[in-house]
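Please walk through this model with the sequence and the coordinates side by side.

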There are 2 protein chains.
Amino acid sequence: MPPSDPHDDAQQVMAANKAAVSRALNLVEDRRPEAQTGVTKLLAELKDAPKAAGGHRVGLTGPPGVGKSTLTSALARSVRQRGRTVGVVAIDPSSIRSGGSLLGDRARMSFDPSDEGLFVRSLATAGVVGGLAYAANSAVRVLAAAYDMVVIETTGVGQSEIDIVHVADTVVLVIQPGSGDVLQFLKAGIMEIPDILVVNKADHDELAQRAVSDLRGALQTAHAVGAGSGQDVNWETPILATSATQGTGIEELIDTLDEHRQHLDATLAGRRRQGEVQWTLDLFSRKHGEHGVSTLGGLAQLKARAERDLDGGQTPLSLCERLSREYVTALGKTP
Amino acid sequence: MPPSDPHDDAQQVMAANKAAVSRALNLVEDRRPEAQTGVTKLLAELKDAPKAAGGHRVGLTGPPGVGKSTLTSALARSVRQRGRTVGVVAIDPSSIRSGGSLLGDRARMSFDPSDEGLFVRSLATAGVVGGLAYAANSAVRVLAAAYDMVVIETTGVGQSEIDIVHVADTVVLVIQPGSGDVLQFLKAGIMEIPDILVVNKADHDELAQRAVSDLRGALQTAHAVGAGSGQDVNWETPILATSATQGTGIEELIDTLDEHRQHLDATLAGRRRQGEVQWTLDLFSRKHGEHGVSTLGGLAQLKARAERDLDGGQTPLSLCERLSREYVTALGKTP
């Protein structure tokens with residue numbers, strides 16, 4: 001295979017060439033240094049992709065077993081029917097522990113492979129601590145350059161889902177009737193309040209109704225204990241009921257997603273920039289730890305620096321490389 | 001206040017002097033460099049505390065709202081009645097997000113303050129990423145030097161609880177009837193299988209019975225998907241029902257804890273050593289990141305090194321300081 005040219009690759013990704021998108025994601029998953037240099041170059045080329053600015057990055061999260069994959073399929077199909085293109089990246093966490101995968105789940109995600117406007121990829125985070133922050137962030141940038149809507153599907157409850165806030169424009173928390181633990185996490189203020197709440201598997205009217213009203217109560221408690229203080233005060237989290245298997249509630253979900261995307265319009269650039277600042281800090285912290293952060297002046301100073309340099313045209317990956325060189329140089333100077 | 005002497009402080013901690021234990025935990029919570037130097041010295045003095053070797057470190061974890069604090073109180077009271085001393089460290093995660101605390105929960109933990117054989121401390125992990133690994137590890141070493149049983153109480157579901165495995169001899173997962181999300185995490189193999197499972201709030205016979213049988217099913221699925229492969233194959237996770245408020249099931253829980261402690265006897269030193277190796281690697285990774293790990297030869301080599309040096313008398317804290325010096329020196333040499 002001849003060495004690829006980042007500029008050409010980027011052009012093909014932006015043209016939503018499926019093979020090119022697939023190659024780009026292979027590169028993202030490849031943790032060898034030379035591959036990562038390639039990713040840095042590619043993302044620099046994709047930085048101002050026209051699709052990305054107008055697109056929508058939707059994070060879909062919740063505990064295992066609530067039907068996120070089925071919901072993602074149903075959502076993607078309906079968005080396609082509205083004439084928009086969709087890229088899906090599913091983070092499979094089960095492989096972290098057992099080496100097994102939720103193939104049963106994944107298999108339920110059924111798509112038409114001949115559809116050029118739909119791309120689906122499962123990212124295994126096997127063994128990589130903080131794998132989501134690393135690979136998903138890059139994967140989302142690739143897909144956002146190619147498709148109108150990007151869906152990031154991930155499993156989690158509690159603090160494991162902090163990352164999704166930094167990578168998605170809209171965070172959708174999916175639960176099912178009987179997800180009592182999630183309610184408790186919300187109530188305790190341990191879990192961020194999502195932008196949209198979905199009760200899936202709402203086939204039984206009574207149980208679903210109960211779950212919706214439980215959630216409404218939990219949200220009130222969460223607000224009362226001071227959770228969501230960093231949240232958007234002008235957006236009241238809607239609670240929707242869906243049945244992904246029966247296809248009910250999906251159109252309403254898309255309408256609500258569109259509403260939130262419109263609601264964000266004025267603040268979206270700032271929200272995404274904060275996500276990039278966080279990604280930069282995460283990358284640098286993972287690479288050089290607390291000592292790296294303190295050597296370069298501490299977290300607050302690094303944050304201000306990241307805001308400035310990202311405004312100046314750096315990407316999180318290129319900026320992290322630059323910071324890394326500065327750190328190693330600084331250490332070399334202190335005896 | 002005159003500067004304290006680590007040797008004297010350690011003697012007083014080992015004598016279970018409550019004021020000394022309290023001072024030691026203040027030091028652990030104090031993140032200033034001079035305090036941390038003090039912790040390093042103190043833990044070196046406590047390394048071979050006679051109490052520690054024979055003691056029992058119990059981790060009590062589960063989602064919020066299942067009554068962990070009430071159960072901890074009931075457990076501690078009953079253990080005291082059996083003539084053993086108890087130290088409790090409760091990790092309060094709610095403060096990470098909202099700045100609020102689960103004071104309602106904490107207040108329900110009622111103890112006799114005049115009891116010299118019982119010590120309770122709540123550790124706020126506010127704003128500290130990986131706070132559990134950092135402060136709880138040290139706090140447990142202090143309490144283990146002073147009391148027969150140490151209980152580490154922490155909130156979590158899914159991957160947030162990996163740490164507890166490294167700090168506790170016995171991991172108890174507490175749920176309540178209706179904790180469907182935890183069941184899903186177990187089934188998916190995302191959550192480690194605990195040593196003991198407790199269904200608390202088992203006041204209603206039928207619901208509790210149902211929860212116990214659901215758990216039994218979840219454990220079977222978890223084993224089937226290959227979770228718990230790192231677990232002890234000679235120990236079958238018992239499932240107990242308790243009602244902390246009514247005080248039922250507590251004696252059985254203590255008996256089961258004692259059984260597991262006896263079961264561990266031959267392997268306990270090795271299990272604790274692995275926990276210390278992990279703590280060392282966590283400390284060093286947090287401080288110097290992936291670059292630090294790779295500069296010192298990679299994770300496998302660092303692990304072997306930690307095993308050797310901990311056998312040679314280092315503590316995780318002192319070893320991390322030594323590794324840190326080696327790393328900075330190594331960087332200074334490469335131009």
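The model is predicted. Look at the backbone of Lys201(B): phi is positive, about 60 degrees, although the residue is not a glycine. Lys201(B) sits in the loop between strand E6 (196–199) and H11 of chain B.

Now turn to chain A. Lys201(A) also has a positive phi, near 60 degrees, and is likewise a residue other than glycine. Its place is the loop between strand E6 (196–199) and H11 of chain A. Lys201(A) has a relative accessible area of 35%, so it counts as partly exposed.

Is Ala224(A) buried or exposed? Its relative accessible area is 67%, so Ala224(A) is exposed. The cut-off for that class is over 50%. Ala188(A) lies 36 residues away along the chain, and the two C-alpha atoms are separated by 9.9 Å.

The cut-off here is under 20%.

The cysteines come next. Cys320(A) is buried because its relative accessibility is 7%. Cys320(B) is buried too, since its relative accessible area is 7%. How many disulfides does the structure hold over all chains? The count is zero. A disulfide is a covalent bond between the sulfur atoms of two cysteines.

Back in chain B, trace helix H13, residues 268–295. It has 28 residues, and a straight helix of that length would span 40 Å at 1.5 Å a residue. Between its end C-alpha atoms, H13(B) spans only 32 Å. Where does H13(B) bend? The bend is at His288(B), by about 115 degrees. Past the helix comes Gly297(B), with a positive phi near 105 degrees.

Gln274(B) lies in H13 of chain B. At 35% relative accessibility, Gln274(B) is therefore partly exposed. Val167(B) is 107 residues away in sequence, yet the C-alpha atoms of Gln274(B) and Val167(B) are 9.6 Å apart.

Last, the empty space. Rolling a probe the size of a water molecule over the atoms shows where such space is left. The second largest pocket holds about 960 Å³. It is lined by 35 residues, and those closest to its centre are Gly178(A), Gly180(A), Pro177(B), Gly178(B) and Ser179(B). Which helices each supply at least two residues of the lining? In chain A they are H10 (180–187) and H11 (205–224), and in chain B they are H10 (180–187) and H11 (205–224). The largest share, six residues, comes from H11(A). By residue class, the lining of the second largest pocket divides into 13 nonpolar, eleven polar and eleven charged residues.

Definitions and conventions
Residues numbered from 1 in each chain as written. Chains lettered and ligands numbered in written order. Predicted model: local features only at pLDDT ≥ 70, side-chain atom pairs only at ≥ 80, totals over all residues. Heavy atoms only, no water. Helix = DSSP H or I, 4+ residues; strand = E, 2+ residues; numbered from the N terminus. Expected span 1.5 Å × (residues − 1). Bend = angle between axes of the 7 residues up to and from the residue. 1 Å grid on protein atoms, 1.4 Å probe; cavity = no way out; pocket = protein on both sides within 12 Å on 5 of 7 lines; lining within 4 Å. Points joined across faces, edges and corners; volume = space filled by probe spheres on them. Nonpolar A, V, L, I, M, F, W, Y, C, P; charged D, E, K, R; others polar. Disulfide = S-S within 2.5 Å. Buried < 20%, exposed > 50% of the residue type's maximum accessible area, 1.4 Å probe, protein only.
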